[in-house]
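Colleague: I would like to learn how to read a model like this one step by step. Could we take a few features in turn, with the general idea before the case?

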Amino acid sequence: MSMIQAHALNLSFGLGAGLNQVLHDVNLSVEDGESFGLVGESGSGKTTVLRCLAGQYRHWSGALSIGGVPLQHKLPKEHFRKVQMVFQDPYGSLHPRHTIDTALREPLIIHGLDERDDRINDILLKVGLNDSFRYRYPHQLSGGQRQRVAIARALILQPRVLLLDEPTSALDVSVQAEILNLLADLRQREKLTYLMVTHDLGVVSHLCDKVAVMQQGRIVERLDSQALSQDLASHEYTRMLVQASRDFSAETPMAARA
Amino acid sequence: MSTPKIHVDSLNVRFVNGKKVMHAVRDVSFSLGQEKLAIVGESGSGKSTVGRSLLKLHPASAQITAKAMQFGDVDLLGAGERAMQKIRGQRISMIMQDPKYSLNPVVKVGEQIAEAYLAHHKASRSEARERVLLMLEKVHIRDPKRVYNLYPHEVSGGMGQRIMIAMMVITNPEVIIADEPTSALDVSVRQQVLSVLEELVVEQQMGLIFVSHDLNLVRNYCDRVLVMYAGRVVESLAACDLQYAEHPYTRGLLAALPSMDNRRARLPVLQRDPLWLTC
Amino acid sequence: MIANMSSTETAAKRPQDTPSSSLEALGKSSLRVLRLLVRNPMTLAGLLVALLLIVVAAFAPWIATHDPVVQNLANALQAPGAAHWFGTDEYGRDIFSRLVYGARITLYIIALVTIIVGPIGLFIGTVSGYFGGVIDTVFMRITDIFISFPSLVLALAFIAALGPGLEHAVVAIALTSWPPIARLARAETLSLRKADFVVAVELQGASSSRIILRHIVPMCLSSVIIRLTMNMAGIILTAAALGFLGLGAQAPLPEWGAMISTGRRYMLECWWLVAVPGAAIMLVSLAFNLLGDGLRDILDPRSE
């Protein structure tokens, strides 16, 4: 059964002459336990798809469902127990005046869950932090640690689906590796389904099994990550993206460029 | 390599804030000829600080010391503010990360480039305009006359960065410092901007200092690479030899990059050695 | 870049001062604010004067040398001296004692106005900023109406309708000073509305009231406190002006503005009648301005 399903998803902003359609008939299907990547450049609408699933936009048309349950335009509280999101910017996604403890406690209070202290300690350990971080403020943490906290906050409600919006693009390479490893481990251990948005083909082929390429609000190609690296992409735009990232990638020798 | 354009010997930069002293750059030495020199490192490694200290673009709290900091016939270390003003923009130009913040939003882009030209050259308005149009053509802007009259918010990121390059290169500088010039751009336009920059550097025989966090980009684009960690240059090598890098930090960074063609279940994580801070 | 570097520096020495409870973390950060507050001499001066005002108001009966309202006509219009430090007024009342008791009235007005204005401004500002749309339009037009009257004129009209008196003066001042607070809170809220951390709590299923109260209000609070502190100077002046016009506190209450008003008849011969309460008004409003400036330097997230 597919965990995330989007059928003929359309979304536009503005009215009349200023009408700007940002999503055109997007169809997506992500299986349970799968890790799916949405690739595209800025303005391609990849983040918009994520935000529709997260309930940030309410005027989409088409059909969306998570775990077989169709989404309403106004989402019930239970929805958020199933779907959580991790943001791109680790500096902006944590409340600057709340300690880590407050940030992690908040979702537990909202959903009326008990054994809060145990849950907070557990989740901190799961993301590779410990309880010495509990009473610190975000500005006392490094970028990588903040992103771990953001992941902990998303996972503390034990969701089935994690929406990842460029979770590592604001991080240094060495920290990115740590976070990608953590995400891979968590998916395996917690049986999570990932939908990840990124512009980095290296990251997407590392973490995802399947990839959809978006351009100007449309999905232009769907393929396996395996196929992506074996140059089996058929759409021109995908080939261009692959080529562009190959140009700077590890395996191309210097001579090829000159 | 001809005589170096820039020669720096044990550059140190300290930021003093009350009693706290932050030693941002420690004993960095390099020389730049007519080549593309990359300075790579992670955030906080001091790579941008090195670029800026060459132009002395630092707040008053910064203390810059060095055994030597020579630019052609000018001693940058001893140069006063007035001498620096003559150098900045005319002999050494700097390209920043995001064109959105570097262009004045209420002045037409063409006028801004002309302004940069007139600041350093005696010329009439119409001459300057001609120069600007020529320059816009050189950075591969298709319809220079139309683009001349656009405002910064009307141009895309890639075009904005090419306009910045035009503005920085129009004065015929000897050295360009580019601080992450493409990290705000999409991959499809990144290529274009880089090749424009390369063309100009080769054609006008400039030296390029390319500050970046992106090892892969640098290894194909530049001639030489300085790898910085915690304010020090830990390794300096030819870009094509990057895969034979010896320093564990450089090797660790290379290994930690996820790659399309080399899929691994786990990425090796960089183990930081405290020894790197002292050697 | 530089900020990044300093954060890695602090990372190295962090383990020693890791707080182990919410309370400790909160205490640490408020201690930091206090330390910064005391470091700037101008702010410190402002803080001290404000504290002095509070102490004087609290212990007025012990500090005052005479009864502030008992008249002694034989002793009228005495120049400052050992018996009466700041002299006496036309009814022979000790001006120092009246000044001391006047501090109570001043503090009462400031406190009451602030307590009324702060929550109203915050509520209207954050709600209209967060929800936007029709709610925003309605609230902001109401704010516009209030803001388009000169504050003293609106206060005068209000008192003209209700009659003079201290409580009415307070309500009148409150009525005219909430709109800037509401606008400020709204502007802050608009910039926070799309911030990732607000979206993140929305995605946790938090209700709108919870988001506003727990996540947006704390972020607006510092700039609102700064603004309120700066406003206090204006409140003192408006209260004094109303007192001067005879519309605020009524005789024989020792309100500073009213003291100037009655003293001005004897001003040429007895300077102390006007100069002493005038200096007090100036000193206190200056102090609150300095304190507000200092607070802004410390609390404003933009200046960090």
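Colleague: Why is helix H1 (residues 46-54) of chain A described as largely enclosed by the rest of the structure?

Modeller: Please keep in mind that this is a predicted model. The general idea is that a residue counts as buried when its relative accessible area is under 20%. In helix H1 of chain A, eight of the nine residues are buried, so the helix is largely enclosed by the rest of the structure. Among the buried residues are A:Val49, A:Leu50 and A:Leu53, but A:Lys46 and A:Arg51 are buried there as well. Just after this helix, A:Gly55 takes a positive phi of about 85°.

Colleague: Which residue of chain A has a positive phi although it is not a glycine?

Modeller: That residue is A:Gln216, with a phi of about 45°, and its place is the loop between strand S9 (210-215) and strand S10 (218-224) of chain A. Because its relative accessibility is 59%, and the cut-off for exposed is over 50%, A:Gln216 counts as exposed. In chain B, B:Asp27 also has a positive phi, near 50°, in a residue other than glycine, but B:Asp27 lies in strand S2 (residues 20-32). With a relative accessible area of 47%, B:Asp27 is partly exposed.

Colleague: Which residues form the positive surface patch?

Modeller: In such a patch, like charges are joined within 9 Å. Here the patch is formed by A:Arg97, B:Lys19, B:Lys20, C:Arg32, C:Arg35 and C:Arg39. Helix H2 (residues 22-39) of chain C gives the most to the patch, with three residues. An α-helix has 3.6 residues a turn, so residues three or four places apart point the same way. As for A:Arg97, it sits in the loop between strand S6 (83-86) and helix H3 (100-110) of chain A, and at 31% relative accessibility it counts as partly exposed.

Colleague: How many helices and strands does chain C have?

Modeller: Chain C has 12 helices and zero strands, and its C-alpha trace spans about 75 × 50 × 30 Å along the principal axes. Of its 304 residues, 47% count as buried, while carbon and sulfur atoms account for 70% of an accessible surface of about 14600 Å².

Colleague: And what share of the contacts in chain C with a separation of 6 or more comes from residues 24 or more positions apart?

Modeller: Such pairs account for 70% of those contacts. For the charges, one compares mean positions, and in chain C those of the 21 positive and 19 negative charges are 5 Å apart.

How values were computed
Residues are numbered from 1 along each chain as its sequence is written. Chains are lettered from A and ligands numbered from 1 in the order in which they are written. This is a predicted model: local features need pLDDT of at least 70, side-chain atom pairs count only at pLDDT 80 or more; totals for chains, interfaces and linings use all residues. Side-chain values use heavy atoms; hydrogens and water are left out. Patches are made of residues with over 30% relative accessible area and no salt bridge: like charges are joined within 9 Å, nonpolar side chains (Val, Leu, Ile, Met, Phe, Trp, Tyr) within 5 Å. Accessible areas come from the Shrake-Rupley method with a 1.4 Å probe; for residues, only the protein chains shown count as cover. A salt bridge is a side-chain nitrogen of Lys or Arg within 4 Å of a carboxyl oxygen of Asp or Glu. Lys and Arg count as positive and Asp and Glu as negative; His and the chain ends are not counted. The place of a charge is taken as NZ of Lys, CZ of Arg, CG of Asp or CD of Glu. Helices (H or I, at least four residues) and strands (E, at least two) are DSSP runs, numbered from the N terminus. Buried means under 20% relative accessible area, exposed over 50%, partly exposed in between (1.4 Å probe, protein chains only). Contact means heavy atoms within 4.5 Å.
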